[in-house]
Amino acid sequence: MSAKKTPRRLRTAVARGIALSMLVSVAWWTVAPVVGRAGTGDSAVAIAKVAGASWRPERNEPLFIAVLGTDVRSGPPGGGGGRCDAIHIVAINPQQRAGTILNFPRDANIAGYTKVNAACTNGPDRMVQALRSHTGIPIQYYVTTEFSHFIRLIDELGGVEVNVPYDMKDSPSGADFRPGPFRMNGSQSLAFTRNRKDTPRGDFSRTDNQGLFIQASLAKFRAEAADPHRILDYVRAARKHLKSDVPLSDAVKLALLAREVDPAAMRNITINGSTGTAGRASVVFLAPGDTYNRVKDDGIY
Amino acid sequence: MAEVAEAAFQTGVVHLVDPLERPDSGEKAHAEVPRVIALLNSFYSSAFLDPAKWQGGLHPDLAPLFTAEAQPGAAGNLTNLAMSDLSDRIESVEPLRQTLDKVTFLVAEDGSVPIGVASVTFEATGKPAGDGPDVTITHTGHYWLQREGDEYKISAFEVSMNAAEGPDR
């Protein structure tokens with residue numbers, strides 16, 4: 001038996017190089033821009049840059065993306081119509097690979113709108129401007145979706161595992177879940193993110209759960225994108241349901257950076273507030289405290 | 001002076017992603033492979049196989065193989081991408097394995113192939129300048145490829161570099 005020679009290590013290293021010079025997003029649909037312009041109008045998700053906005057990641061500027069879901073049952077997103085039942089600002093700090101998901105109740109009463117969700121009826125640009133004015137956060141991009149394509153997109157990506165926080169049984173939304181991890185298909189995902197009646201805090205709980213869903217989506221993407229080839233497989237599934245004005249080459253950096261963000265490092269923050277009335281409408285009066293300023297600074301709460 | 005070995009990557013799996021599932025996409029993707037091989041041959045020649053291109057560990061020929069945005073990242077990671085500081089103790093490098101293990105292309109809506117991902121394994125033996133044991137070099141990597149004109153450039157990378165004296169297995 002011969003003695004085995006132990007090699008002397010001269011160098012063992014791993015390196016990653018990503019040109020962080022473009023946009024980044026955070027959910028599984030962040031890979032969507034990879035396919036570029038769909039041009040079909042048959043899209044579940046629209047990703048767009050806010051006019052006049054800029055982001056300079058080389059200066060480690062935080063990135064802010066509005067994530068909007070309308071109550072339109074089917075049809076192309078981003079064309080206006082419908083109210084937003086999902087309203088979020090996702091903030092990313094590229095340097096720290098961490099960030100915040102800010103969740104807004106759809107009935108929030110803000111300047112110019114009795115209920116903020118009405119801002120969507122004139123298109124996502126209007127909603128983004130309303131959120132920018134209200135929070136002071138310089139949102140650079142937005143993502144929009146609606147019911148039917150959202151369901152199909154989730155299904156094509158194999159569902160999303162969500163840690164359901166409590167019992168839900170709500171006929172209007174179709175939510176029927178027990179607490180704990182559960183892999184949701186498209187319809188179940190929609191039900192989970194729509195349910196507001198069988199929740200502890202109604203509209204507040206719904207938007208909080210939507211934030212959980214965004215976190216879960218990011219976790220799914222991150223796990224599956226460990227194989228870089230898998231990112232392009234995602235594209236194939238998302239392609240049919242995507243509309244984007246984001247350049248193709250930028251999207252790779254976006255996807256690679258999204259892969260680096262630890263969902264556990266994404267705080268899920270629902271804006272506090274109280275319910276009341278404005279005229280004859282039941283609304284939520286927000287009490288954000290210093291939340292917006294804290295997040296605006298570096299994307300981290 | 002030792003003879004300089006040629007970089008000669010062999011192709012493994014060619015995978016393509018065409019959301020529109022057009023019948024000729026496979027053919028189109030395979031037609032792109034030589035461009036990727038050309039890039040890899042240039043890269044590994046400059047990074048490892050051709051001592052004349054090491055230039056004291058600075059590897060100036062590598063930069064043009066990256067997109068402009070990726071060049072700073074490459075320059076800051078030469079110790080993981082190339083011979084770099086090993087170049088002052090190694091005289092030549094003999095390739096053992098040069099494999100493009102898998103390449104995946106994205107076929108865009110207009111039929112172009114603008115993006116790809118290449119997974120690569122490179123193994124070689126470094127011969128020392130003086131007395132001493134050989135150095136076993138194992139370099140694996142995933143390279144994101146971006147089409148620029150008629151060629152691909154590296155827009156992002158994820159590499160693992162292992163160099164050890166003596167046999168590595």
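Analyst: Let's start inside chain A. In β4(A), the residue bridged to A:I65 is A:V90. Keep in mind that this is a predicted model.

User: How many bridges join β3(A) to β4, and which way do the strands run?
Analyst: There are 8 bridges between β3(A), and strand β4 covers residues 84–93 of chain A. The two run antiparallel.

User: And how is β3(A) joined to β6?
Analyst: By 5 bridges, with the strands running parallel. Strand β6 covers residues 141–145 of chain A. One pair to look at is A:V67, which stands opposite A:V143 in β6(A).

User: Is β3 of chain A buried or exposed?
Analyst: Buried. 8 of the 8 residues in this strand, residues 63–70, are buried, so the rest of the structure largely encloses it.

User: Which residues point which way?
Analyst: A:L63, A:I65, A:V67 and A:G69 point one way from β3(A). A:F64, A:A66, A:L68 and A:T70 point the other way. All of them are buried.

User: What is A:I139 in contact with?
Analyst: Setting aside neighbours within four places in sequence, A:I139 contacts A:V50, A:A53, A:F64, A:I65, A:A66, A:I89, A:V128, A:L131 and A:R132.

User: Zoom out. How many helices and strands does chain A have?
Analyst: Chain A has 7 helices and 14 strands. Of its 301 residues, 54% are buried. Among its contacts with a separation of 6 or more, 73% come from residues 24 or more positions apart.

User: Pick a helix pair in chain A. How do α3 and α4 cross?
Analyst: Their axes come within 7 Å and cross at roughly 140°. Helix α3 is residues 186–194 and helix α4 is residues 203–224. The two helices are therefore oblique to each other.

User: Which residues meet there?
Analyst: From α3(A), A:S189, A:F192 and A:T193. They meet A:N209, A:Q210 and A:F213 in α4(A).

User: How many residues of α3(A) are buried?
Analyst: 8 of its 9 residues, so to speak mostly covered. Among the buried ones are A:G186, A:L190 and A:A191.

User: What covers them?
Analyst: The cover includes β4, α2 (147–156), β7 (160–164), β9 (175–177), β10 (180–184) and α4 of chain A.

User: Now chain B. What pattern does it follow along the sequence?
Analyst: Chain B reads β-α-α-α-β-β-β-β. Its radius of gyration is 17 Å, close to the 15 Å that the globule rule gives for 169 residues, so chain B is as compact as a globular protein of that length. The C-alpha trace spans about 60 × 30 × 25 Å along its principal axes.

User: How much of chain B is buried?
Analyst: Buried residues are 44% of its 169 residues. For contacts between residues at least 6 apart in sequence, 63% join residues at least 24 apart.

User: Where is B:M83 found?
Analyst: In the loop between α3 (78–81) and β2 (90–106) of chain B. B:M83 counts as buried because 29 C-beta neighbours lie inside 10 Å, and the cut-off is 20 or more.

User: What does B:M83 touch?
Analyst: Leaving out neighbours within four places in sequence, B:M83 is in contact with B:A47, B:F48, B:W54, B:G57 and B:I90. Its C-alpha atom is separated by 13 Å from that of B:D61, 22 residues apart along the chain.

User: Are they buried or partly exposed?
Analyst: A:R97 is partly exposed, with 15 other C-beta atoms within 10 Å. B:H59 counts as buried, with 23 C-beta neighbours inside 10 Å.

Notes. Residues numbered from 1 in each chain as written. Chains lettered and ligands numbered in written order. Predicted model: local features only at pLDDT ≥ 70, side-chain atom pairs only at ≥ 80, totals over all residues. Helix = DSSP H or I, 4+ residues; strand = E, 2+ residues; numbered from the N terminus. Buried ≥ 20, exposed ≤ 12 C-beta atoms within 10 Å, placed from the backbone. Contact = placed C-beta atoms within 7 Å. Pairing = 2+ DSSP bridges. Rg over C-alpha atoms; globule rule 2.2 N^0.38 Å. Axes fitted to C-alpha atoms, helices over the stretch in contact; angles between N-to-C directions. Parallel < 35°, antiparallel > 145°, perpendicular 65-115°, else oblique.
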